[in-house]
Amino acid sequence: MARRKNKELLELAMDIGGEEAVEVIKALEKKKEATDEELAEMTEIRVNTVRKVLYMLYDQGLAEFKRIRDKETGWYYYYWRLETKRLPEIIRSRKMAELKKLKEMLEEETSEIYYHCGTPGHPKLTFDEAMEYEFQCPICGAMLMQYDNTAVVEELKKRIEELEIELGLRKKPRKRKSN
């Protein structure tokens, strides 16, 4: 597997199922095809957790299995393998969902005026909410001041632009030549 594709797969695995998913994917890359028990033994992760990770990967289209019945015992064995053909499509889909969410957050941040007492962890309130509390923080009672969300808005715009460039929805801005 190409190094870049592998990196993307591991990042996606981390998003989907954390460190355990990364370990399961690494084990599957080595073994090519394995049962959940074999993977549990290789990774030293509980078999129930391995199964949970495998089903998450399967739901995302990153793993497939074949079911084989043991003629002597009648038990079914599931042999799992990675399926990375759809990886670019899956990554693009996840980035499009992130872009949509960021645009909604930007819309929310720019359409409201917020008020905050200045204490970290205390709520940021809309104008209407602040009026309900008579411009006093509902937690500490301190006076609510207009919240400057310029940094938040700029960070959202920056991330939206980066994602749009990655997705090919926007061209990279040209660097101006200095005279």
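Predicted model: local features only at pLDDT ≥ 70, side-chain atom pairs only at ≥ 80, totals over all residues.

Trainee: Is His122 buried or exposed?

Mentor: The terms come first: buried means under 20% relative accessible area, exposed over 50%, and partly exposed in between, with a 1.4 Å probe and protein chains only. His122 has 17% relative accessibility and counts as buried.

Trainee: Where does His122 lie?

Mentor: Helices (H or I, at least four residues) and strands (E, at least two) are DSSP runs, numbered from the N terminus. His122 is placed in the loop between strand E3 (114-116) and E4. Strand E4 (residues 125-126) holds Thr126. At 15% relative accessibility, Thr126 counts as buried. Apart from its neighbours within four places in sequence, Thr126 is in contact with Glu112, Ile113, Tyr114 and Tyr115.

Trainee: How is the protein chain divided into domains?

Mentor: Domain bounds come from an automatic or database domain assignment. For the protein chain, that assignment gives domain 1 (1-84) and domain 2 (88-167). The C-alpha centres of domain 1 and domain 2 lie 37 Å apart. Eight residues from domain 1 and four residues from domain 2 take part in the contact.

Trainee: How should I read the area buried between domain 1 and domain 2?

Mentor: The size of an interface is often given as the accessible area lost when the parts come together. Here buried area is the accessible area (1.4 Å probe) that two parts lose on being put together, summed over both. Between domain 1 and domain 2 the value is about 470 Å², and carbon and sulfur atoms give 64% of that area. On the side of domain 1, Glu8, Leu12 and Gln60 lose the most area to domain 2, together 68% of what that side buries.

Trainee: How many salt bridges and polar contacts are counted between domain 1 and domain 2?

Mentor: A salt bridge is a side-chain nitrogen of Lys or Arg within 4 Å of a carboxyl oxygen of Asp or Glu. A polar contact is a pair of N or O atoms within 3.5 Å; within protein, one must be able to donate a hydrogen and the other to accept it, and residues adjacent in sequence count only if both atoms are side-chain atoms. Between domain 1 and domain 2 there are zero salt bridges, and zero residue pairs in polar contact with both at pLDDT 80 or more. Helix H1 (residues 3-31) gives the most to the side of domain 1 that touches domain 2, with four residues. The residues of that side divide into three nonpolar, three polar and two charged. In this division Ala, Val, Leu, Ile, Met, Phe, Trp, Tyr, Cys and Pro count as nonpolar, Asp, Glu, Lys and Arg as charged, and the others, Gly among them, as polar.

Trainee: How many salt bridges does the structure hold?

Mentor: Side chains of opposite charge can pair when their charged atoms come close. The structure holds 16 salt bridges. One of them joins Lys103 to Glu164, with the closest N and O atoms 3.1 Å apart. Lys103 lies in helix H4 (residues 87-111) and Glu164 in helix H6 (residues 150-166), so this pair ties together parts that are 61 residues apart in sequence. Lys103 is partly exposed at 41% relative accessible area, whereas Glu164 counts as buried at 9%.

Trainee: Which salt bridges does Arg170 form?

Mentor: Arg170 meets Glu164 in a salt bridge at 2.6 Å, N to O. Arg170 also forms a salt bridge with Glu161, the closest N and O atoms being 3.7 Å apart. Arg170 counts as partly exposed at 36% relative accessibility, and Glu161 counts as partly exposed at 26%. Elsewhere, a network of salt bridges links Lys95, Glu98, Arg159, Glu162 and Glu166.

Definitions and conventions
Residues numbered from 1 in each chain as written. Heavy atoms only, no water. Contact = heavy atoms within 4.5 Å.
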